[in-house]
Amino acid sequence: MSTLSIRDLHVSVVTEAGSKEILRGIDLDIDSNSTHAIMGPNGSGKSTLAYALAGHPKYEITQGSVTIDEENLVDMSADERARAGLFLAMQYPVEVPGVTVTNFLRSAKTAIDGEAPKLRTWTKELSEAMKQLRVDPEFASRNVNEGFSGGEKKRHEILQMELLKPRFAILDETDSGLDVDALRIVSEGVNRARENTDVGVLLITHYTRILRYIKPDHVHVLVKGKVAEEGGPELAQRLEDEGYDRFLTQTA
Ligand code: ADP
Ligand code: MG
Ligand code: MG
């Protein structure tokens with residue numbers, strides 16, 4: 001088992017107007033066999049946390065540390081972090097002209113493992129994963145993200161996660177824009193990965209909807225760049241009933 005440790009993490013977003021602190025001291029420990037939900041109102045810094053962990057250049061870690069089993073990620077590039085076992089679903093949201101889903105997945109796998117996967121097992125694994133996610137076989141020969149619907153983008157993200165087998169997967173708003181059927185299929189994919197591999201999941205969401213399908217072990221509520229409350233699955237239920245009002249009326 002591995003542990004992703006976040007200590008006193010401060011993150012500023014860098015814009016043309018200057019730099020603004022968004023995360024103001026986050027502490028989290030995620031074991032590679034557990035699922036944590038990060039919840040919170042809009043604008044609380046959830047996506048900032050995802051981007052900062054993945055090494056997005058606009059999100060600067062100004063203080064604190066991020067480690068996987070003592071290995072420090074903060075000074076690593078996004079690619080190095082991926083090789084260290086971190087996976088961010090929306091890492092490649094852009095269209096990749098002329099690169100098919102098949103080729104994209106195979107080069108990502110090769111980059112992460114340091115060697116190309118064996119063609120026969122790989123082809124089998126890919127078609128099996130696509131079948132499970134109810135993805136049309138034709139999907140594999142389409143160019144990455146080109147004309148993908150919301151649901152196809154999400155399925156592509158989960159397909160990446162299932163094939164790349166990261167130690168830690170950060171899934172930001174995986175439920176947004178999905179109808180109930182697609183939500184179920186995507187959730188099943190995440191649950192399969194949880195059963196079949198040793199993967200820690202950081203599930204970032206504003207809504208409690210996806211937590212009916214993917215049961216978190218721990219729930220953290222992010223408010224104004226800080227963890228305002230932590231608990232077990234019962235906290236998600238309470239948020240479903242009450243919303244975030246009680247957090248928003250508090251002064252920071
Ligand atoms: P959440 O995902 O919880 O809705 P975000 O992390 O997206 O919140 O945003 C937190 C705060 O940081 C917001 O006030 C948002 O406007 C600001 N922010 C995030 N990313 C950027 C950016 N690239 N440029 C400017 N402001 C940003
Ligand atoms: Mg601090
Ligand atoms: Mg967000």
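Me: Which elements each supply at least two residues of the shell around ligand 1?
Reply: This is a predicted model. The elements are strand β1 (3-15) and helix α1 (46-54). With three residues, α1 gives the most to that shell.

Me: Which residues surround ligand 1?
Reply: Among them are Val13, Thr15 and Ile22, then the run Asn42, Gly43, Ser44, Gly45, Lys46, Ser47 and Thr48. Gly40 and Lys58 also belong to the group. Sorted by class, the shell has eight polar, two nonpolar and two charged residues.

Me: How are two packed helices described?
Reply: One gives the angle between their axes and the distance between the axes. Take α5 (residues 150-164) and α6 (residues 180-196): their axes come within 10 Å and cross at roughly 10°. Angles under 35 degrees count as roughly parallel, and α5 and α6 are therefore roughly parallel to each other.

Me: Which residues of α5 and α6 meet?
Reply: From α5 come Gly151, Lys154, Arg155, Ile158, Met161 and Glu162; from α6 come Ala182, Val186, Gly189, Val190, Arg192 and Ala193. By class, this contact holds six nonpolar, four charged and two polar residues.

Me: At what angle do α4 and α5 pack?
Reply: Helix α4 (residues 119-132) packs on α5 at about 140°, and the axes are 10 Å apart. That angle makes α4 oblique to α5. Their crossing is right-handed.

Me: What residues does α4 bring to its meeting with α5?
Reply: Glu125, Leu126, Ala129 and Met130, which meet Leu159, Glu162 and Leu163 in α5. Five residues of this contact are nonpolar, two are charged and none is polar.

Technical notes. Residues numbered from 1 in each chain as written. Chains lettered and ligands numbered in written order. Predicted model: local features only at pLDDT ≥ 70, side-chain atom pairs only at ≥ 80, totals over all residues. Axes fitted to C-alpha atoms, helices over the stretch in contact; angles between N-to-C directions. Helix = DSSP H or I, 4+ residues; strand = E, 2+ residues; numbered from the N terminus. Parallel < 35°, antiparallel > 145°, perpendicular 65-115°, else oblique. Contact = placed C-beta atoms within 7 Å. Nonpolar A, V, L, I, M, F, W, Y, C, P; charged D, E, K, R; others polar. Left-handed = near helix turned anticlockwise from the far one by under 90°. Near = placed C-beta within 6 Å.
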